[in-house]
Amino acid sequence: PSPPTIKSTLAIFIRKQIEYYFSTQNFLFDRFLQQLSRRCTSSSSSGDVFPTEYGGWIAVDELVKFPRLASLNTTPEDLVSAVDGSSSAVQLDPDRRLVRRKDPLPPL
């Protein structure tokens, strides 16, 4: 097999970092992530803003600002590409602007 490229290695790192952020062991103690997930809303194609389903969504644009991802100059496109279809722990919304755990969080 061919050796991993820098881009594929970066994508793996980004995916693992996102999965860590959303892991139970991190999320239950990370008040900042909890706040972000509570205030996240989505907008319909008509432009109406509504709270997201059961919650837990965080905007891709917010996640790329986190220090570890920002230090790698991670773009929203990099993050989406890294988790889209390859993560067993997190999912993207249909517009690919929000991320959440695939399994609901235990009660906070």
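Modeller: Happy to. One thing to keep in mind is that this is a predicted model. Let's start at Gly85, which sits just after H6 and takes a positive phi of about 75 degrees.

Colleague: OK, and H6 itself? Which of its residues are buried?

Modeller: In H6, the buried ones are Leu79, Val80, Ala82 and Val83. They are on the same side of H6, because they cover an arc of only 165 degrees around the axis.

Colleague: What is on the face turned away from that buried side?

Modeller: That face of H6 carries Glu77 and Ser81, both exposed.

Colleague: And what covers the buried residues of H6?

Modeller: The cover includes helix H1 (6-21), H4, H5, S4 and strand S5 (98-101).

Colleague: Is Ser87 buried or exposed?

Modeller: Buried: its relative accessible area is 4%, and the cut-off for buried is under 20%.

Colleague: What does its side chain reach, then?

Modeller: There are two partners to look at. The side chain of Ser87 makes a polar contact of 2.5 Å with the side chain of Glu19. The Ser87 side chain also reaches the backbone nitrogen of Ala89, at 3.1 Å.

Colleague: Which residues is Ser87 in contact with, leaving aside its neighbours within four places in sequence?

Modeller: Arg15, Glu19 and Lys102.

Colleague: How accessible are Lys65 and Glu62?

Modeller: Lys65 counts as exposed, at 56% relative accessibility, while Glu62 is partly exposed at 25%.

Colleague: And Asp84, what is its partner?

Modeller: Asp84 forms a salt bridge with Arg96, and their closest N and O atoms are 2.3 Å apart. This pair links distant parts of the chain: Asp84 is in the loop between H6 and S4, Arg96 is in the loop between S4 and S5, and they are 12 residues apart. Asp84 is partly exposed, with a relative accessible area of 39%, and Arg96 is partly exposed too, at 41%.

Colleague: Nice. Changing topic: how many aromatic pairs does the structure hold?

Modeller: It holds 4 aromatic pairs. Take Phe22 and Phe27: their ring centres are 6.2 Å apart and their planes are at 25 degrees, so that pair is stacked. Phe22 and Phe27 are both buried.

Colleague: What about Phe32 and Phe66, how is that pair arranged?

Modeller: Phe32 and Phe66 form a tilted pair, 5.8 Å centre to centre with 50 degrees between the planes. They also link distant parts of the chain, 34 residues apart: Phe32 is in helix H3 (residues 31-39), and Phe66 is in the loop between helix H4 (60-63) and helix H5 (67-70).

Colleague: Which is buried and which is partly exposed?

Modeller: Phe66 counts as buried at 9% relative accessibility, whereas Phe32 is partly exposed, with a relative accessible area of 46%.

Colleague: Which residues do ring pairs link into a cluster?

Modeller: Tyr20, Tyr21, Phe32 and Phe66.

Colleague: Last topic, H3. Which residues there are buried?

Modeller: Leu33, Gln34, Leu36 and Ser37 are buried in H3. Seen down the helix axis, the buried residues of H3 fall within an arc of 160 degrees, so they line one face. Turned away from that buried side is a face with the exposed residues Arg31, Arg38 and Arg39.

Colleague: And what covers the buried residues of H3?

Modeller: The cover includes H1, helix H2 (24-27), strand S3 (58-59) and H4.

Colleague: What caps the N-terminal end of H3?

Modeller: Asp30 does, with a side-chain oxygen 3.1 Å from the backbone nitrogen of Phe32.

Technical notes
Residues numbered from 1 in each chain as written. Predicted model: local features only at pLDDT ≥ 70, side-chain atom pairs only at ≥ 80, totals over all residues. Heavy atoms only, no water. Buried < 20%, exposed > 50% of the residue type's maximum accessible area, 1.4 Å probe, protein only. Polar contact = N/O pair within 3.5 Å; in protein donor to acceptor, adjacent residues only side chain to side chain. Contact = heavy atoms within 4.5 Å. Phe/Tyr/Trp six-rings, centres within 6.5 Å; stacked < 30°, edge-to-face > 60°. Helix = DSSP H or I, 4+ residues; strand = E, 2+ residues; numbered from the N terminus. Arc of directions from axis to C-beta. Salt bridge = Lys/Arg side-chain N within 4 Å of Asp/Glu carboxyl O.
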